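Please keep the sequence and the model in view while reading.

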Amino acid sequence: MTNPSTPVLSIRGLRFRYPGAQTDTVSVSNLDLAAGEQLLLTAGSGKGKSTLLQLIAGLLDAGEGSIVLAGTDMVRLRGASRDTHRGRHLGMIFQTFNLLHGFTALENVLAALMFSEIPPREHRASALALLGRLGIDRPDATPEELSVGQQQRVAVARAVAARPALVLADEPTASLDPENAAGAMDLIQSACKDVGAALLCVSHDPSMAPRFARRVSLAELSLNAPAIGAAR
C-alpha cells in the first residue's frame, strides 16, 4: 500500500521520441499526482497524450527521465517485474475498451486480478461483486453480447478490480454520444473514488473540463515550456 503523503505518480525530466522523429513526441518537466486526486490532461489529437500514458504504464521505454509509480521507477523496471508492478498498482481504461473477445465479462475482470495482491481464493467473489455494483447482471456474457454502455462498465470494472493506486483513462468517452459520455465519466470518477485510486484522464474534449478541479495541458508540462502551471 502506498503512503498517502507520497505522490502515487511522480514524473521528472521525461523525454521520448519515436525512431526517426526529429523532435520529442513527449516531453514532461515534472508532474505529481496525489493519492485519490483526479487530473485532466489536455492536448490536441496527435500531440502525445496516449504516448504519455503508455510510458507511464511501461508499455513504451522512455528515452530519459523517471516515472515513479507507487514508489517505484517504471523506467528502471524490465520484463516480469514491470508487468507485476503495473498489474498491482495501475488500471487502464481505453477509448475502444480493449476487452478480451471470447472471454466473458467476469473473465475480463479476473484477468486483471492475476497480478494483484488480492488472494486468488477471493478473485471470483470480488469480481462478481464489482460487476454487480457497476450494473452488470450478466457476468457470463461476452463483450459481443453486451451493449456499448455495458462494455464500458466492464472496462471500468477491470481497471479498478485490483484496487490500483492510479487509473489511466485514454479518451474514455470518444466513442460515445454526449448523454452516454456523461454517464460514463460519472461511472469512472465514482469507481476511482470508491477504491481510492487517483485518476489521470487525457482528452481533447472541452466538455470534460468542468468535471475536474485540476486541469493541465501537455504543453504546459513540456521541458521546453517557459513556465509550468495548472489551470484550475
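In which sense do β1 and strand β4 pair, and over how many bridges? The model under discussion is a predicted one. In it, β1 and β4, the latter formed by residues 64–69, pair in the antiparallel sense, and five bridges link them. One point at which to follow this pairing is Ile-11, whose bridge partner in β4 is Ile-67.

Strand β1, which covers residues 9–16, also pairs with strand β2, residues 26–33. Seven bridges join β1 to β2, and these two strands run antiparallel. Here the reader may locate Arg-15, whose bridge partner in β2 is Ser-27.

A parallel pairing is found elsewhere: strand β3, residues 38–42, runs parallel to β9 and is joined to it by four bridges. Within this pairing, Leu-40 has Arg-215 of β9 as its bridge partner. Strand β9 itself spans residues 214–217 and has two faces. Arg-214 and Val-216 make up the covered face, whereas Arg-215 and Ser-217 make up the uncovered one.

We turn now to the helices. Two packed helices are described by the angle between their axes and by the distance between those axes. For helix α3 (residues 105–112) and helix α4 (residues 123–133), the axes come within 9 Å and cross at roughly 120°. Because of this angle, α3 is oblique to α4. The crossing of α3 past α4 is right-handed. On the α3 side, Ala-105, Leu-106, Val-109 and Leu-110 take part in the contact, meeting His-123, Arg-124, Ala-127, Leu-128 and Leu-131 of α4. Of the residues in this contact, seven are nonpolar, one is polar and one is charged.

Notes. Residues numbered from 1 in each chain as written. Predicted model: local features only at pLDDT ≥ 70, side-chain atom pairs only at ≥ 80, totals over all residues. Heavy atoms only, no water. Buried < 20%, exposed > 50% of the residue type's maximum accessible area, 1.4 Å probe, protein only. Pairing = 2+ DSSP bridges. Axes fitted to C-alpha atoms, helices over the stretch in contact; angles between N-to-C directions. Parallel < 35°, antiparallel > 145°, perpendicular 65-115°, else oblique. Left-handed = near helix turned anticlockwise from the far one by under 90°. Contact = heavy atoms within 4.5 Å. Nonpolar A, V, L, I, M, F, W, Y, C, P; charged D, E, K, R; others polar.
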